[in-house]
Each structure stands twice: as C-alpha cells, then as structure tokens.
Amino acid sequence: MLSFILCLFLDSLLAMLFCLILNALAGLIMWRKVLAIHPHEGIIILEPKLFRFEGESLKIQGEISNKSRFYGNNIWLHIKGFSNNHWLIISANGVNEQSYARLKRATVGAINCVLESK
C-alpha cells in the first residue's frame, strides 16, 4: 500500500509504471494465497483431538489450535500439523448446517480447552 501511495507522488513515468506493476504482482500473490486456504470442495473428518481435511489438491491433518477464530459466517481454522501449520477457511454456505455446527462446536472446544488449562 505504501508503494502505491508513493507511486502517486513520483515524477518519472517509468517509476510510476514500475510501482504499479509491483503492486499488481503483490496483489496477485496474495489473492492466490487466499484462494489456497479457502477450498471449494473436500471432506472434513472430525475425530477427538484430530482434524482432517482431504480435497483434490489439499490434504491437512492435525489439531485445531487456539488461534482459530469465527468471522461472520466463516470459521478460520489454524491447524497444528505434525511438521507445519496450516490455515483453512470454512464458509457456512459451503457445508450443510449440521456439519457447520459440529465444526463450530469442535473449534469452540479447542479454544476453551487451551484457555482452561492456563
């Protein structure tokens, strides 16, 4: 954002063009990251102390951490895996009502379990 604002005050047309191209590239990279953590299709398997998601291009397994949050009709899951951590965004519109309620209950349980142990 800063480079976009600076672009407005530059005198050289070449420098302005460079800033605009750089901003477009950064926006494209961020858009791809957002699409990667918001899958359209897949299967969620909830087990005690374990979360698994399997899609065509993405397979995640681990525990739901206390960094998970609710934003409107979305659940932002932070999954602690064996070797690395993942973010996964599940929308209420993308799953049936019962599955969304189970996922929300499991997320609240994971958040509360960590808070109670402190």
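1. Let's start with a term: pLDDT is the predictor's confidence in each residue, on a scale from 0 to 100. You'll want that in mind here, since this is a predicted model. Within the chain, helix α1 (residues 2–8) has the lowest confidence, with a mean of 65. Strand β5 (residues 74–80) sits at the other end, with the highest value, 84. Where pLDDT is low, the predicted coordinates should not be read in detail.

2. How does the chain do overall? The average pLDDT is 77, and 85% of the residues score at least 70.

3. Now for the layout. You can pick out 3 helices and 6 strands in the chain. Walk along the sequence and the pattern goes α-α-β-β-β-β-β-β-α.

4. A few totals for the whole chain. There are 118 residues, and 19% of them count as buried. The accessible surface is about 8,900 Å², with carbon and sulfur atoms making up 62% of that area. Take the contacts with a separation of 6 or more: 33% of them link residues 24 or more positions apart.

5. Have a look at Thr107, which belongs to helix α3 (residues 97–117). Is Thr107 buried or exposed? Buried means under 20% relative accessible area, and Thr107 counts as buried because its relative accessibility is 0%. Setting aside neighbours within four places in sequence, Thr107 touches Ile64, Ser68, Phe70, Ile75 and Leu77. A polar atom of the Thr107 side chain also lies 2.8 Å from the backbone oxygen of Leu103.

6. Helix α3 also holds Tyr100. With a relative accessibility of 12%, Tyr100 counts as buried too. Which residues does Tyr100 contact, leaving aside its neighbours within four places in sequence? The list runs Gly72, Asn73, Asn74, Ile75, Ile90, Ser91, Ala92 and Val95. Pick Asn73 from that list: Tyr100 and Asn73 are 27 residues apart in sequence, while their C-alpha atoms are 9.6 Å apart in space. Notice as well that Ile75 is among the contacts of Tyr100 and among those of Thr107.

7. Leu25, Leu28 and Ile29 make a nonpolar patch of about 260 Å². One of these residues, Leu28, is part of helix α2 (residues 13–36). Why is Leu28 called partly exposed? That label covers values between 20% and 50%, and Leu28 gets it because its relative accessibility is 41%.

Conventions. Residues numbered from 1 in each chain as written. Predicted model: local features only at pLDDT ≥ 70, side-chain atom pairs only at ≥ 80, totals over all residues. Heavy atoms only, no water. Patch = residues over 30% accessible without salt bridge, like charges linked within 9 Å, V, L, I, M, F, W, Y side chains within 5 Å. Areas by Shrake-Rupley, 256 points an atom, 1.4 Å probe, with all protein chains shown as cover. Salt bridge = Lys/Arg side-chain N within 4 Å of Asp/Glu carboxyl O. Helix = DSSP H or I, 4+ residues; strand = E, 2+ residues; numbered from the N terminus. Buried < 20%, exposed > 50% of the residue type's maximum accessible area, 1.4 Å probe, protein only. Polar contact = N/O pair within 3.5 Å; in protein donor to acceptor, adjacent residues only side chain to side chain. Contact = heavy atoms within 4.5 Å.
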